[in-house]
Amino acid sequence: MDEPRGSTAAARVWGVAPLLLAAGDALQVRFGALAVRGELSGFTRAASGHCYFSLKDADGAPALLRCAMFRRVASGLDFAPADGQQVELRGRLAVYEARGDLQF
């Protein structure tokens, strides 16, 4: 990326891991705990008990959010999650640093 013309300050060069950590921290500060509504897609339950899936935009927009539900929360579900269900999730946005993905 180019530095703005006339800028005399040296540009900070980030390492990948610190940049992803800073992005995750910024998401926590900006959004905190929140709710999001959408359609379940690709729901799987791992041997560990954790659940992984994506959430599609409820209005049909081409948007997809990767999600992880950990075993403790998944054990308390009062329904059987399945692809195509409309759900409302409560949680936090994060950056999954191993892949650099936005995750809920």
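Student: How much space lies in the largest pocket?
Tutor: About 380 Å³. Keep in mind that this is a predicted model.

Student: Which residues are closest to its centre?
Tutor: Ala-68, Met-69, Val-73, Leu-89 and Arg-90 are the closest, out of 19 residues that line the largest pocket.

Student: Which elements supply at least two residues of that lining?
Tutor: There are strand S1 (33-45), strand S3 (64-69), helix H2 (71-74) and strand S4 (86-92).

Student: And which one gives the largest share?
Tutor: S4 does, with 6 residues of the lining.

Student: What does the lining of the largest pocket have by class?
Tutor: It has 14 nonpolar residues, 1 polar residue and 4 charged ones.

Student: Which residues line the second largest pocket?
Tutor: Its lining is made of Gly-42, Thr-44, Tyr-52, Phe-53, Ser-54, Arg-66, Cys-67, Ala-68, Phe-70, Tyr-96, Arg-99 and Gln-103. Two or more of the lining residues come from each of S1, strand S2 (51-57) and S3.

Student: How many of these are nonpolar, polar and charged?
Tutor: The lining of the second largest pocket counts 6 nonpolar, 4 polar and 2 charged residues.

Student: Gln-103 was in that list. Which strand is Gln-103 in?
Tutor: Gln-103 sits in strand S6. Its relative accessibility is 17%, so it counts as buried.

Student: What is Gln-103 in contact with, leaving aside neighbours within four places in sequence?
Tutor: On that basis, Gln-103 is in contact with Arg-66, Cys-67, Ala-68, Arg-92, Leu-93, Ala-94 and Tyr-96.

Student: What about Asp-101, where is its place?
Tutor: Asp-101 is also a residue of strand S6, which covers residues 101-103.

Student: Is Asp-101 buried or exposed?
Tutor: Buried, because its relative accessible area is 18% and the cut-off for buried is under 20%.

Student: Which side chain does Asp-101 join in a polar contact?
Tutor: That of Arg-66, at 3.4 Å. Not counting residues up to four places away in sequence, Asp-101 touches Arg-66, Ala-94, Val-95 and Tyr-96.

Student: Changing topic: how many disulfides does the structure hold?
Tutor: It holds 0. Cys-51 is in no disulfide, and the nearest cysteine sulfur to it, that of Cys-67, is 11 Å away. Cys-67 is likewise in no disulfide, with the sulfur of Cys-51 as the nearest one at 11 Å.

Student: Why does that rule out a disulfide for them?
Tutor: Because a disulfide needs the two cysteine sulfur atoms within 2.5 Å.

Student: Are Cys-51 and Cys-67 buried or exposed?
Tutor: Cys-51 is buried, at 0% relative accessible area. Cys-67 is buried too, at 4%.

Student: What does Thr-44 touch, not counting residues up to four places away in sequence?
Tutor: Thr-44 touches His-50, Cys-51 and Tyr-52.

Student: How far is Thr-44 from Asp-57 by C-alpha atoms?
Tutor: The separation is 19 Å, for residues 13 apart along the chain.

Student: Glu-39 next. Which strand holds it?
Tutor: Strand S1. Glu-39 counts as partly exposed, at 24% relative accessibility.

Student: What does Glu-39 touch, with the residues up to four places away in sequence not counted?
Tutor: Glu-39 touches Ser-54, Leu-55, Lys-56, Gly-84, Gln-85 and Gln-86. From Glu-39 to Gln-85, C-alpha to C-alpha, the distance in space is 5.5 Å, although they are 46 residues apart in sequence.

Student: And how far apart in space are Val-16 and Gln-86?
Tutor: They are 35 Å apart, C-alpha to C-alpha, and 70 residues apart in sequence. Val-16 belongs to helix H1 and is exposed, with a relative accessible area of 64%.

Student: Last one: where is Trp-14?
Tutor: Trp-14 lies in the segment before helix H1 (16-31). Trp-14 counts as partly exposed, at 38% relative accessibility. Leaving aside neighbours within four places in sequence, Trp-14 is in contact with Leu-19 and Ala-22.

Methods. Residues are numbered from 1 along each chain as its sequence is written. This is a predicted model: local features need pLDDT of at least 70, side-chain atom pairs count only at pLDDT 80 or more; totals for chains, interfaces and linings use all residues. Side-chain values use heavy atoms; hydrogens and water are left out. Buried means under 20% relative accessible area, exposed over 50%, partly exposed in between (1.4 Å probe, protein chains only). On a 1 Å grid over the protein atoms alone, a cavity is a set of points where a 1.4 Å probe fits but cannot get out, and a pocket is an open set with protein on both sides within 12 Å along at least five of seven lines; lining residues have an atom within 4 Å of a point. Grid points are joined across faces, edges and corners, and a volume is the space filled by probe spheres set on the points. Helices (H or I, at least four residues) and strands (E, at least two) are DSSP runs, numbered from the N terminus. Ala, Val, Leu, Ile, Met, Phe, Trp, Tyr, Cys and Pro count as nonpolar, Asp, Glu, Lys and Arg as charged, and the others, Gly among them, as polar. A polar contact is a pair of N or O atoms within 3.5 Å; within protein, one must be able to donate a hydrogen and the other to accept it, and residues adjacent in sequence count only if both atoms are side-chain atoms. Contact means heavy atoms within 4.5 Å.
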